[in-house]
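Please find below my notes on the model.

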Amino acid sequence: MDRKQRKELAEARKKRRRPLFDLEKELTLLWEKSRQRNIDMEKKHKLVTSMIAKMKGKMLEMARSHTVSRVLQMCVKHGRKDEREMVFAELRPHCRELAIHPYAHHLVNRMMDHASKEKKHDIIGQLRGHVVEMMRHPVASAVVEHAYQLSTPPQRSALASEFFSPEFRLFPSLALPGSGHLSDLLADLPTGTTRQSVLQHLEASLQPILEKGIVDHSLFHRVLADYLQVISKGGGGGPQHLMGALLLRMVHTRDGVRIANTMVAQATPKEVRRVVKALKGVVARVACDDHGHLLLLQMLESASSGPLTRFVVKELIKDLFEVMQERIGRRFLLQLLAPSSTATCHPMPPRLLWWAAEWRRRGRKRRRRGRRRKEGMMMERRGRKRRERSKGGRWKKGRVKRRRRKVREVRRWKRMRRRRRREERGRRRRVKRERRERKGMRERGRRGGGGGGGEEGEEEEEAGEGEEGGATATKFSKRKGKADGKKRKAAAAAAAADDDDSDEEEEDEGDEEGEGEGGRGSRSVAKRRKLLIDSGLGEEMLKLAAEHAGAMLRSQFACDVIYELARGGDSSLLALHYPTLLSALHSGIAAEAAAPRPPAAAAANGAAAGGDGAGKKDKSKKGKEKSGKVQKAQEGGEEEGAEKGERMGAGGEAGGAAAKPCVGGFLWQQSAETPGGR
């Protein structure tokens, strides 16, 4: 059998299986003609009219075809108003049936796009009562999401209300009170079983969707965010199996990133590591997303520095220059350099992060209460068993006395341990405060002219500490002997273990110091030091900024990043670890400030200063005078910038502090000349 015979046999089989095969073949040929780019619109409309005439009465069967469904989509898009009405009238009773078909659901979406206002509301009304059922379907959920995006706010609330109670599904005339959220509905309901039934119905509606992994749609994000907001007030937790790669599919919407931040805030460190690992390969995309970057900002507060360095920072270094120039991508870098600064970030994202941090604090309090309750129940159970065992015993009074004495000793020992830990915490705070004061004195000494005095004083302090330590070690070794070396090692290990335990117990108290002050506490500084210094991110940023200083200063968004880099970062992390690179950045900025401006820009500024009345002689003269003044001022500014650049180059590393006014002055001058300046 040759090729032609095989083709004829295949067509014969298709004709027996599909009664409208000849019509489908004819419509496909007309569709291919109408898809040509060089065809004129008049001829295309004629072809659309002929195709609709051939499909009249058979559109439902044609909509289920893999190829002819695309023909119908083109007819809806390019057809006349009466032709669209003909298609809508024939397919309207079958919209829900077509919405679950793998080929026909695209036609339903196209019909909603090109329908009139009344027809669109009619198609959305066909979906009412079946929203929860269709959201569980992988194909029909896309139709419900498309209808949700095209709906008005009352219609969106009506679609979301079917998740809350079956009454909204059975009686479409019912409407949600207030703004249409779950909290407004529960506020109007009486307390007790009614609220509990609403939450149970909502959980039963969301559970199958979560199990199937259909979590990409904004309608689902809205309902789940309302649910998490309500149960957070009651001390409940969210669905734990949502952690991991499934969570990243939700961060492209505002409600979705609220869900992600809430789940990360109340997750265990192991679950947070799963989310961080899932970011591998998509860090740059998430960092530049309008809503997804908030997840990275939340992980700066929740995740440990190790997973962030391995899976986030290393991925970010690959596309660092592009991220620095992005409007959204730069926010992660600015959060590291200047935490929670409202000068470069809108106050709304920190507010969302605060909401997640508040949930995290509530979760810790809830877990502590649970542990105490469990310990109390265990102690009560043990005491009851002991009392039952000692009822018939001979030495009942002696046992009771010994047990009470032991309880008193344990309580006394716990009080002493708490007092020692409080004293140790106070001692650490005093040491840190003294170190900060000494560091400030050394920096003030450097600025005042004692360039090497701070370093010499630091070396003298270290030498003095070494001498004192050596003397005490010598006395100790003479008095105790060689065998005490092992005891000292054991004591040092025990002290380190006590420090770890005290750090774990101070974690809740550290929130007031670290999170309450916008991420400026000692723990936050240590984490940012690991992310900026140990990972090499700060070094790479300084190198790129020094290399592309002119481009970044003239950029609308990268200018904020180079400004924070030139400042040395918060707590002067970059200035302490990379003084040479920071001096090179200052020199590059000064060179850009001292460079002569191109003549085209000067002419443009002169024309702008001259005003719009170019045809009037008096205004043109005033414009020339103003342009001359502007040029003289610019020449004076360039001379001042050159002098500052020379002073900065001569000062070297010691003149880093003196170079900062040059950076700020240049950026202030840039704001009046270029739209990208500060």
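What covers the buried residues of α5?

1. Basis. This is a predicted model, in which local features need pLDDT of at least 70, side-chain atom pairs count only at pLDDT 80 or more, and totals for chains, interfaces and linings use all residues. Residues are numbered from 1 along each chain as its sequence is written, and side-chain values use heavy atoms, with hydrogens and water left out.

2. Cover of α5. The cover of the buried residues of α5 includes α2, α3, α4 (59-63), α6 (81-91) and α8. Helices (H or I, at least four residues) and strands (E, at least two) are DSSP runs, numbered from the N terminus. Buried means under 20% relative accessible area, exposed means over 50%, and partly exposed lies in between (1.4 Å probe, protein chains only). The buried residues of α5 are Val68, Ser69, Val71, Leu72, Gln73, Met74, Cys75, Val76 and His78. Because 9 of its 11 residues are buried, α5 is largely enclosed by the rest of the structure.

3. Chain totals. The chain has 38 helices and 0 strands. Of its 678 residues, 39% are buried. Contact means heavy atoms within 4.5 Å. Among contacts between residues at least 6 apart in sequence, 69% join residues at least 24 apart.

4. α2 and α5. Helix α2 (residues 21-34) and helix α5 (residues 68-78) have axes that come within 10 Å and cross at roughly 50 degrees. Axes are lines fitted to C-alpha atoms, for helices over the stretch in contact, and angles run from 0 to 180 degrees between N-to-C directions. The two helices, α2 and α5, are therefore oblique to each other; angles under 35 degrees count as roughly parallel, over 145 as roughly antiparallel, 65 to 115 as roughly perpendicular and the rest as oblique. The contact is made by Glu24, Leu27, Trp31 and Ser34 of α2 with Val68, Arg70, Val71 and Met74 of α5. By class, the residues of this contact of α2 with α5 are 5 nonpolar, 1 polar and 2 charged. Here Ala, Val, Leu, Ile, Met, Phe, Trp, Tyr, Cys and Pro count as nonpolar, Asp, Glu, Lys and Arg as charged, and the others, Gly among them, as polar. The crossing of α2 and α5 is left-handed, a term used if the near helix is turned anticlockwise from the far one by less than a right angle, with clockwise giving right-handed.

5. Met55. This residue, Met55, lies in helix α3 (residues 41-55). Met55 is buried, with a relative accessible area of 0%. Not counting residues up to four places away in sequence, Met55 touches Leu27, Met62, Val68, Val71, Leu72, Cys75 and Glu90. Met55 and Val68 are 13 residues apart along the chain, and their C-alpha atoms are separated by 9.7 Å.

6. α1 and α2. How are α1 and α2 placed relative to each other? The axes of helix α1 (residues 3-17) and α2 come within 8 Å and cross at roughly 115 degrees, and α1 and α2 are therefore roughly perpendicular to each other. Glu11, Lys14 and Lys15 in α1 meet Phe21, Asp22 and Lys25 in α2. The contact of α1 with α2 has 1 nonpolar, no polar and 5 charged residues.

7. α9. In helix α9 (residues 117-127), the buried residues are Ile123, Ile124 and Leu127. Seen down the axis of α9, they fall within an arc of 100 degrees, so they line one face of the helix; the arc is that of the directions from the helix axis to the C-beta atoms. The buried residues of α9 pack against α7 (95-99), α8 (105-114), α10 (131-135), α11 (140-150) and α12 (153-161). After α9 comes Gly129, with a positive phi near 90 degrees.

8. α33 and α35. Helix α33 (residues 558-567) and helix α35 (residues 579-594) pack at an angle of about 130 degrees, and their axes are 9 Å apart. The pair α33 and α35 is therefore oblique, and the crossing of α33 and α35 is left-handed. Ile562, Leu565 and Ala566 in α33 meet Leu582, Leu585, His586 and Ile589 in α35. The contact of α33 with α35 has 6 nonpolar, 1 polar and no charged residues.

9. Gln196. Helix α15 (residues 193-212) holds Gln196. At 43% relative accessibility, Gln196 counts as partly exposed.
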